[in-house]
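Please read them with the model open.

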Amino acid sequence: MEVDPARVGRWVEGFADRHGPHTTTVREYGLLLTADDGATAELYAPPGAPAGDDVAGFVAAAVASRRIGLLLARKGAVAVGVADGVDLVASKVDTRYVQGRTAAGGWSQQRFARRRDNQAKAAMGDAADLAVRLLLPEVTRLTAVVGGGDRRAVDTVLADRRLAPLVPLRAERLLDVPEPRHAVLVAAVTAARAVHIRLRDPEPG
């Protein structure tokens, strides 16, 4: 589940109410809560936020304002943005036509496939150009770069040699987004800042 950083403290209180006292262990991803009844909750720090040593520190880091880059790509559409805290402060959306699949066979199918591949490559080239324009000038100020949409498309864009300085900032989190549009990019800011929680109930018996 995804939880707004400001609500994490209340969520942990509810976890304690349901499962009893718990221990807190620092993990690479964030915090592990282990309740007396055997229930566990893994709290994943948002991209760019440190894990903290306890719940209070985790929450403080999660709600803090951070500058992150966003790269959403799917087929021929791309949206690139820079968020400062909860605000999208720079953005650009581009859509290039990529031909859909065809049911035709033989040479016709191969011709359509080649044309489609060329269109997709051109779209990803445009996406890399946008990332160069919007994200590269911010690289020293960004705490993370968060991708979204199709993983292969995001990988292709970031494989551009010009974007090498962004690769170490790339977060493991991949946002599940529809075809990138400006509204999708705005919503992605909230999704990128959310705390992912993986809850496991105690074993029966």
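**Notes on the pocket and the sheet**

1. The largest pocket lies between domain 1 (2-65 + 194-200) and domain 2 (67-191), because both domains give residues to its lining. The model is a predicted one.

2. The space in this largest pocket comes to about 690 Å³. Its lining is made up of 31 residues, and those nearest the pocket centre are Y44, A45, P47, E172 and R173.

3. Which strand gives the most to the lining of the largest pocket? The answer is β9, with six residues. Strand β9 covers 170-175; β9, α5 (182-193) and β10 each supply at least two lining residues.

4. By residue class, the lining of the largest pocket holds 20 nonpolar, four polar and seven charged residues.

5. Strand β10 also belongs to an open sheet of five strands, in the order β1-β10-β4-β3-β2, where the pairing is antiparallel. At the edges are β1 (2-3) and β2 (22-26), each of which pairs on one side only.

6. Between β2 and β3 (residues 30-35) there are five bridges, and the two strands run antiparallel. Within this pair, T25 stands opposite L32 of β3.

7. Helix α2 (residues 55-63) packs on the sheet and touches β2, β3, β4 (40-44) and β10 (195-200). The direction of α2 makes about 140° with that of β3.

8. To check in the viewer: follow β10 from its place between β1 and β4 in the sheet order to the residues it supplies to the lining of the largest pocket.

Methods
Residues numbered from 1 in each chain as written. Predicted model: local features only at pLDDT ≥ 70, side-chain atom pairs only at ≥ 80, totals over all residues. Heavy atoms only, no water. Pairing = 2+ DSSP bridges. Helix = DSSP H or I, 4+ residues; strand = E, 2+ residues; numbered from the N terminus. Contact = heavy atoms within 4.5 Å. Axes fitted to C-alpha atoms, helices over the stretch in contact; angles between N-to-C directions. 1 Å grid on protein atoms, 1.4 Å probe; cavity = no way out; pocket = protein on both sides within 12 Å on 5 of 7 lines; lining within 4 Å. Points joined across faces, edges and corners; volume = space filled by probe spheres on them. Nonpolar A, V, L, I, M, F, W, Y, C, P; charged D, E, K, R; others polar. Domains from an automatic or database assignment.
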